[in-house]
Each structure stands twice: as C-alpha cells, then as structure tokens.
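Work through the following exercises with the sequence and the 3D view at hand. Try each task before reading its solution.

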Amino acid sequence: SPLQPPTLPVAMPSQLACALLVVPCLLQPVAAIFGRFPPRGQAPLFEPPRPVRENCSEQFFEQTLDHFGRASAGQSFAQRYFLCHAAAWAPGDPIFLYLGNEADVELYLNATGLMWEWAPQFNAKLVFVEHRYFGKSVPPQSASESKNWPFLTTDQALGDYTAFAMALRKTILQAPTSPVVGFGGSH
C-alpha cells in the first residue's frame, strides 16, 4: 500500500508536529553531504587555492547610498569587492557572486568552499561583494545619521547587490550574457 502521512494527535503542539514531519526529510540530504567527506587520514576531495586572498584582487565600486530616493541625489559610497582569478573564464561563462553577510567580506573568501569547489566545474568567475556598513564599505554619515543609520536596511543592501550585479556584467567584466549565480547568507 502507498505510504500515508502520519496522523497527529490533536493535543500535539504544531511545532513538534512540524519537526516530526521535517526531520525524516532532512536525513537523506545530510547523509549525502557526509558521504562526500573523505575517510579520516585521506586528503579532502577539494581544496581552494591557498592563500585564497592572494588569488583575488580588492577593488571598489561607487555605490548609490539610497536606492529609493529618500536621500539627496548623487550621494554614494565606495563598496568593496574582490575579483578572484579564474583560469579559463571568458565573457558568457557564469559569475558566482557572493553577497556579503553583515561582516567584513574578506572573512568569507576562505569560508565559501562550495563556490571554490564548483567554480572549475562551471568555468565560473568568483566575485565577493561586501555588505554596506561593514568592513571597508562604510558610507559617510552626517551628524543626524550617526545613531540610527537610516540606510542600513535589507532593502538598501539588496538594492546594492542588484546594482552591483548589473554593473559587474555591463562594465566591470564586460560580460552582458554571463549568468550571475548568487551565494550568501542572512538576506
């Protein structure tokens, strides 16, 4: 007979019910992930180039301070990003874009093994862009903004990433047909 979803007692809390249904679904992917790790004492399946920082160049993009028109027009700041060297990348090939978390983006150059692992397989260029107000991507603040940081919002950060991805394809890498694949966390 086909498998039927379990029936839950009426008195069971909904959080526990969700956990009972979700946990079995997670076991198969977790087992697949752990199956990728080599046995103890063997070399890992993939190592990114070391040191990673030396394989990337630090650059800055002139980013709009306010993507939604609340600030006076023309205000901008220097948003830091890293272009990492790809042996055979050419315009039209994929761009793997790491969308910085709320920290210095340089911390993530060494902590994104999946990007480094997949890049050669997809012939992808790796790019890491920093989140506004973190690391070296700090907009100038007026005296009235010093306490509430009105432009430190999820919407503004996502606007940054959209504008940067468009500029990355159009002018920075001159690769208008390259697909951009986003990686990251938080937002």
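The exercises below concern a predicted model, and each is followed by a worked solution.

**Exercise 1. Describe the order of helices and strands in the protein chain.**

Step 1. The protein chain has four helices and five strands.

Step 2. Read from the N terminus, the elements follow the order α-β-β-β-α-α-β-α-β.

Step 3. Of the 187 residues in the protein chain, 32% are buried. Among contacts with a separation of 6 or more, 72% are between residues 24 or more positions apart.

**Exercise 2. Find the disulfide and work out its handedness.**

Step 1. A search of the whole structure gives one disulfide. A disulfide is a covalent bond between the sulfur atoms of two cysteines.

Step 2. The partners are Cys 56 and Cys 84, with sulfur atoms 2.1 Å apart. The cut-off for a disulfide is 2.5 Å.

Step 3. The S-S bond of Cys 56 and Cys 84 has a torsion of about 100 degrees, so the disulfide is right-handed.

Step 4. Cys 56 belongs to strand E1 (residues 56–64) and Cys 84 to strand E2 (residues 76–84), so the pair ties together parts that are 28 residues apart in sequence.

Step 5. Both Cys 56 and Cys 84 are buried.

**Exercise 3. Decide how the rings of Tyr 98 and Tyr 108 are arranged.**

Step 1. The model has eight aromatic pairs.

Step 2. For Tyr 98 and Tyr 108, the ring centres are 5.4 Å apart and the planes are at 25 degrees, so the pair is stacked. The cut-off used here is that planes under 30 degrees apart count as stacked.

Step 3. Tyr 98 is in strand E3 (residues 95–99) and Tyr 108 is in helix H2 (residues 106–109), ten residues apart. Tyr 98 and Tyr 108 are both buried.

Step 4. Elsewhere, ring pairs join Phe 96, Trp 118, Phe 122 and Phe 183 into a cluster.

**Exercise 4. Is Arg 80 buried or exposed, and which side chains make polar contacts with the side chain of Arg 80?**

Step 1. Arg 80 is in strand E2.

Step 2. The relative accessibility of Arg 80 is 0%, so Arg 80 counts as buried. The cut-off for buried is under 20%.

Step 3. The side chains of Arg 80 and Glu 58 make a polar contact of 2.9 Å. The side chain of Asp 104 makes a polar contact with the side chain of Arg 80 at 2.4 Å.

Step 4. Leaving aside neighbours within four places in sequence, the residues in contact with Arg 80 include Phe 60, Val 105, Phe 128 and Gly 135.

**Exercise 5. Locate the largest nonpolar core and name the elements that supply it.**

Step 1. In soluble globular proteins, nonpolar side chains tend to be buried together.

Step 2. The largest nonpolar core has 17 residues, and Leu 126 and Phe 128 have the most contacts inside it.

Step 3. At least two residues of this core come from each of E2, E3, H2, helix H3 (113–122) and E4. H3 gives the most, with three residues.

Step 4. Leaving aside neighbours within four places in sequence, Leu 126 is in contact with residues including Phe 82, Phe 96, Met 115 and Ala 119.

**Exercise 6. State which elements are among those that cover the buried residues of H4.**

Step 1. The buried residues in helix H4 (residues 154–172) include Ala 157, Tyr 161, Phe 164 and Leu 168.

Step 2. The cover over the buried residues of H4 includes E1, E2, E3, strand E4 (125–129) and strand E5 (180–184).

Step 3. Just after H4, Gln 174 has a positive phi of about 50 degrees.

Key. Residues numbered from 1 in each chain as written. Predicted model: local features only at pLDDT ≥ 70, side-chain atom pairs only at ≥ 80, totals over all residues. Heavy atoms only, no water. Buried < 20%, exposed > 50% of the residue type's maximum accessible area, 1.4 Å probe, protein only. Phe/Tyr/Trp six-rings, centres within 6.5 Å; stacked < 30°, edge-to-face > 60°. Contact = heavy atoms within 4.5 Å. Core = buried A, V, L, I, M, F, W, Y, C linked by side-chain atoms within 4.5 Å. Polar contact = N/O pair within 3.5 Å; in protein donor to acceptor, adjacent residues only side chain to side chain.
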